[in-house]
Amino acid sequence: MIELTPRQLPALTRWFPAGSPGPAAIGEHVLTTGIGQWWADRAEQPRALAVSCGGYSVLRGTPEALSPASLAPLAASYLDAPARFGPLLDAAFSPFTPWERMLWTLQADPQSSTPPRGVTVRRLRVADTDALSALGPDAAWLHTSWGSPLGLAASGHAWAAAGRDGQLHAIACTYFRGRRYEDVAVYTAPGHRRHRLALACVTALCEDITARGHIPSWNCSVHNRAGRLLAWTAGFRLMREYVHYTAGAARCAPLAA
């Protein structure tokens with residue numbers, strides 16, 4: 001697949017879901033923020049199109065327009081694709097496995113949460129960039145959909161539980177911002193868990209999302225018991241279950257440009 005430029009996109013965005021919750025909002029997020037990539041089998045009148053951001057990809061179109069090698073740009077990502085792409089994707093990536101997921105939307109009031117003394121729940125700001133980076137590799141995924149720690153810190157779409165020393169104990173942020181839904185992501189630093197800090201951050205973020213006229217959404221693995229419990233206590237309720245795919249390394253070398 002080849003990478004498309006922004007000027008080629010307006011006529012192609014109809015291929016992707018609009019106003020949908022969860023990772024389906026990737027296309028809208030990339031269009032809004034400019035962070036991410038668009039791919040197609042060809043520049044003019046493409047038959048297959050993909051958008052990637054933050055470790056997720058959405059693929060649409062006709063499988064017959066692609067070869068396993070052409071899908072190399074989508075390696076090492078979580079893939080949303082119709083079932084008709086299954087055989088092609090299985091031939092393109094190793095491993096390639098289904099990933100059962102749950103999609104939630106905010107439908108109820110959250111349970112109460114009071115941060116410990118000395119901890120303040122507030123909007124993340126640019127001055128927090130170094131503290132965000134200091135959370136280390138385990139938290140690096142949190143800002144990939146915003147391009148960098150600075151991108152997330154400056155986005156206005158994240159809330160943190162911060163100590164008096166400026167260290168960040170927990171963060172909740174919009175991972176993908178769509179025109180109707182904003183998909184929520186959360187991280188709590190080891191040593192600060194079980195204090196309901198994540199719940200406090202998610203609650204503040206959801207109030208912010210609602211004030212923007214959007215609906216908070218949440219997606220997690222069916223096996224993520226902690227994620228499901230946090231979603232429930234924050235007021236999210238199950239909307240549906242679905243299947244994503246985990247794509248490993250490309251089986252074939254990328255095609256020459």
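**Overall fold and local details**

Me: What radius of gyration does the protein chain have, and what would a compact globule have with 257 residues?
Reply: This is a predicted model. The protein chain has a radius of gyration of 19 Å. A compact globule with 257 residues would be near 18 Å, so the value agrees.

Me: And how far does the C-alpha trace span along its principal axes?
Reply: About 60 × 35 × 35 Å.

Me: How many helices and strands are there?
Reply: Six helices and 12 strands.

Me: What share of the residues is buried?
Reply: Buried residues make up 53% of the 257.

Me: What about contacts between residues 24 or more positions apart?
Reply: Take the contacts with a separation of 6 or more. Residues 24 or more positions apart account for 68% of them.

Me: Now the surface. What is the accessible area, and how much belongs to carbon and sulfur?
Reply: The accessible surface is about 12,100 Å². Carbon and sulfur atoms hold 53% of that.

Me: How many positive and negative side chains?
Reply: There are 24 positive and 18 negative side chains. The centres of the two sets lie 4 Å apart.

Me: Let's zoom in on Asp 80. Where is Asp 80 found?
Reply: In strand β5, which covers residues 77-80.

Me: Is Asp 80 buried or exposed?
Reply: Buried. Its relative accessible area is 17%, and the cut-off for buried is under 20%, so Asp 80 qualifies.

Me: Which side chain does the Asp 80 side chain make a polar contact with?
Reply: The side chain of Arg 60, at 3.3 Å.

Me: What else is Asp 80 in contact with, leaving aside neighbours within four places?
Reply: Besides Arg 60, there are Ser 57, Val 58, Leu 59 and His 244.

Me: Switching to helix α1. Which of its residues are buried?
Reply: Helix α1 runs over residues 26-33. Its buried residues are Ile 26, Gly 27, Glu 28, His 29 and Val 30.

Me: What covers them?
Reply: The cover includes strands β2 (37-40), β3 (48-53), β4 (56-61) and β9 (168-177).

Me: What about phi at Ala 76 and Arg 194?
Reply: Ala 76 has a positive phi near 55°. Arg 194 has a positive phi too, about 70°. Neither residue is a glycine.

Me: Where are they?
Reply: Ala 76 is in the loop between β4 and β5. Arg 194 is in the loop between β10 (181-188) and α5 (197-211).

Me: Are those two buried or exposed?
Reply: Ala 76 is exposed, with a relative accessible area of 65%. Arg 194 counts as exposed at 85%.

Me: Back to the loop between β4 and β5. Is Ala 72 buried or exposed?
Reply: Ala 72 lies in that loop. Ala 72 is buried, at 13% relative accessible area.

Me: How far is the C-alpha atom of Ala 72 from that of Ala 247?
Reply: They are separated by 10.0 Å. Along the chain, the two residues are 175 residues apart.

Note on methods. Residues are numbered from 1 along each chain as its sequence is written. This is a predicted model: local features need pLDDT of at least 70, side-chain atom pairs count only at pLDDT 80 or more; totals for chains, interfaces and linings use all residues. Side-chain values use heavy atoms; hydrogens and water are left out. Helices (H or I, at least four residues) and strands (E, at least two) are DSSP runs, numbered from the N terminus. The radius of gyration is taken over C-alpha atoms; the globule rule is 2.2 Å times the number of residues to the power 0.38. Buried means under 20% relative accessible area, exposed over 50%, partly exposed in between (1.4 Å probe, protein chains only). Contact means heavy atoms within 4.5 Å. Accessible areas come from the Shrake-Rupley method with a 1.4 Å probe; for residues, only the protein chains shown count as cover. Lys and Arg count as positive and Asp and Glu as negative; His and the chain ends are not counted. The place of a charge is taken as NZ of Lys, CZ of Arg, CG of Asp or CD of Glu. A polar contact is a pair of N or O atoms within 3.5 Å; within protein, one must be able to donate a hydrogen and the other to accept it, and residues adjacent in sequence count only if both atoms are side-chain atoms.
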